[in-house]
Amino acid sequence: MDPIINGAYWAVIPADVLHDSQLRASAKLLYAELTTLANSTGYCWATNEYLGSLFSLSAESISRLVSQLEKKGYIRTEIVPAEKGVERRIYA
């Protein structure tokens, strides 16, 4: 596995996310993964395809879950210029 994308060996889900009855369980697990991957740089730059492969979900499903987390205010995303076009950064 890519050592940069591996992240931490554990994840924490804050109580407000964990007990949010409007979030799907997969969104809560995705939140934990996003925060783990953000540990080294302060933001997560993993693609929807990569995240989907971790949870056996489509990139479209990941996109919907990211949007749900963002609408609820648990994460913030931004698009920034990168060497090969643009990069999405997810801050948790």
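**Close-up 1. R89 and its salt bridge with E87 in the predicted model.** R89 is partly exposed, since its relative accessible area is 22%. E87 also has 22% relative accessibility, and therefore counts as partly exposed. Their side chains meet in a salt bridge, with 3.0 Å from N to O. Side chains of opposite charge can pair when their charged atoms come close. The count of salt bridges in this model comes to three.

**Close-up 2. The salt bridge between D20 and K72.** The N to O distance between these two side chains is 3.2 Å. The pair links distant parts of the chain, 52 residues apart. D20 lies in the loop between α2 (15-18) and α3, and K72 lies in the loop between α5 and β1. D20 is buried, because its relative accessible area is 8%. K72, with a relative accessible area of 34%, is partly exposed.

**Close-up 3. R76 with E78 and Y91.** The side chains of R76 and E78 meet in a salt bridge of 3.8 Å, N to O. The charged end of R76 also sits over the ring of Y91, 4.3 Å from the ring centre. R76 has a relative accessible area of 44%, so it is partly exposed. E78 counts as partly exposed at 27% relative accessibility.

**Close-up 4. The aromatic pair of Y31 and Y74.** The structure holds two aromatic pairs. Y31 and Y74 form one that is edge-to-face, with 6.4 Å from centre to centre and 75° between the planes. Y31 belongs to helix α3 (residues 25-37), whereas Y74 is in the loop between α5 (59-71) and β1 (76-82). The pair links distant parts of the chain, 43 residues apart. Y31 counts as buried at 9% relative accessibility, and Y74 counts as buried at 16%.

**Close-up 5. The aromatic pair of Y43 and Y91.** This pair is tilted, with 5.7 Å from centre to centre and 55° between the planes. Y43 lies in the loop between α3 and α4 and Y91 lies in strand β2 (residues 85-91), so the pair ties together parts that are 48 residues apart in sequence. Y43 and Y91 are both buried.

**Close-up 6. N48 and its surroundings.** N48 is part of helix α4, which spans residues 48-55. With 15% relative accessibility, N48 counts as buried. Its side chain makes a polar contact of 2.7 Å with the side chain of R88. Apart from neighbours within four places in sequence, N48 is in contact with A59, I62, S63 and R88.

Definitions and conventions. Residues numbered from 1 in each chain as written. Predicted model: local features only at pLDDT ≥ 70, side-chain atom pairs only at ≥ 80, totals over all residues. Heavy atoms only, no water. Helix = DSSP H or I, 4+ residues; strand = E, 2+ residues; numbered from the N terminus. Buried < 20%, exposed > 50% of the residue type's maximum accessible area, 1.4 Å probe, protein only. Polar contact = N/O pair within 3.5 Å; in protein donor to acceptor, adjacent residues only side chain to side chain. Contact = heavy atoms within 4.5 Å. Phe/Tyr/Trp six-rings, centres within 6.5 Å; stacked < 30°, edge-to-face > 60°. Lys NZ or Arg CZ within 6 Å of the ring centre and 35° of its normal. Salt bridge = Lys/Arg side-chain N within 4 Å of Asp/Glu carboxyl O.
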